[in-house]
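Thanks for coming. I will take one structure today and go from the whole chain down to a few parts.

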Amino acid sequence: THVVPGTESIKNEENQILLPYGKSDSLLVVTKNGGLFLYDGNSVAAFDAPVNEWLKQNFPYSAIQLRNGNYVIGTIRGGALVINSAGERLMLLDRNAGLRDQTIVFPYEDNEGSVWLAMTNGLARFEPQMPFMRYDAANGIESAVFDIKRHNRIIYAGTQLGAFYLDPLAETTPEGLSKAFKPIKEITTYTFVLQEEDGILLAGT
């Protein structure tokens, strides 16, 4: 097997996928166990991407670059991850988002911009240009939601169990599940209404 000059450091990495990167001649290298790398034609270097640890835990198996420059990475155990060119997570599609399977054999972007995910248990289609997120018990929302309000750029939810706020910096579990909503400790009863008055968010319980 011929090793491309400059890539000797990753020659033992499994399942290498090469994709265009940015507007240069560089390549994004997606590996099964080592995360992401960048190859500039002369040498390869580890890509210090925020999603690297998650990828190492979920084993990338397939990947494509979308027309808008983002990437869809299919994994063996974590579903499909959509990232931008900075390696930042944009969307995670897994069982908690409605997929029937966590293993993505191959993603494909059709002429309309929709992305199809070939799994070991069927097909799924999603619209990356119209991103959505599903929040439920896996994300901190464990009961009925009565009201939602954005206040000072933070999303708040009134629920049966009290008021919660969406923490965009929340940590994720090894499975990629974000405990995104956190409780407001002072409000633990039914919260039916969230209303902003004079710059203050009020909760009706």
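Among contacts in the protein between residues at least 6 apart in sequence, what percentage join residues at least 24 apart? The figure is 40%, where a contact means heavy atoms within 4.5 Å.

Some ground rules. This is a predicted model, where local features need pLDDT of at least 70 and side-chain atom pairs count only at pLDDT 80 or more, while totals for chains, interfaces and linings use all residues. Residues are numbered from 1 along each chain as its sequence is written, and side-chain values use heavy atoms, leaving out hydrogens and water.

The protein has 17 strands and one helix; these are DSSP runs numbered from the N terminus, with at least four residues of H or I for a helix and at least two of E for a strand. Of its 205 residues, 43% are buried, meaning under 20% relative accessible area; exposed is over 50%, and partly exposed is in between (1.4 Å probe, protein chains only).

Next, a hairpin. Strands β7 (residues 80–83) and β8 (residues 89–93) run antiparallel and are joined by four bridges; strands pair if DSSP finds at least two bridges between them. Five residues lie between the two strands, and Gly87 in the turn has a positive phi of about 80°.

Finally, strand β9. It covers residues 104–109, and Val105 lies in it. Is Val105 buried or partly exposed? Val105 is partly exposed, with a relative accessible area of 35%.
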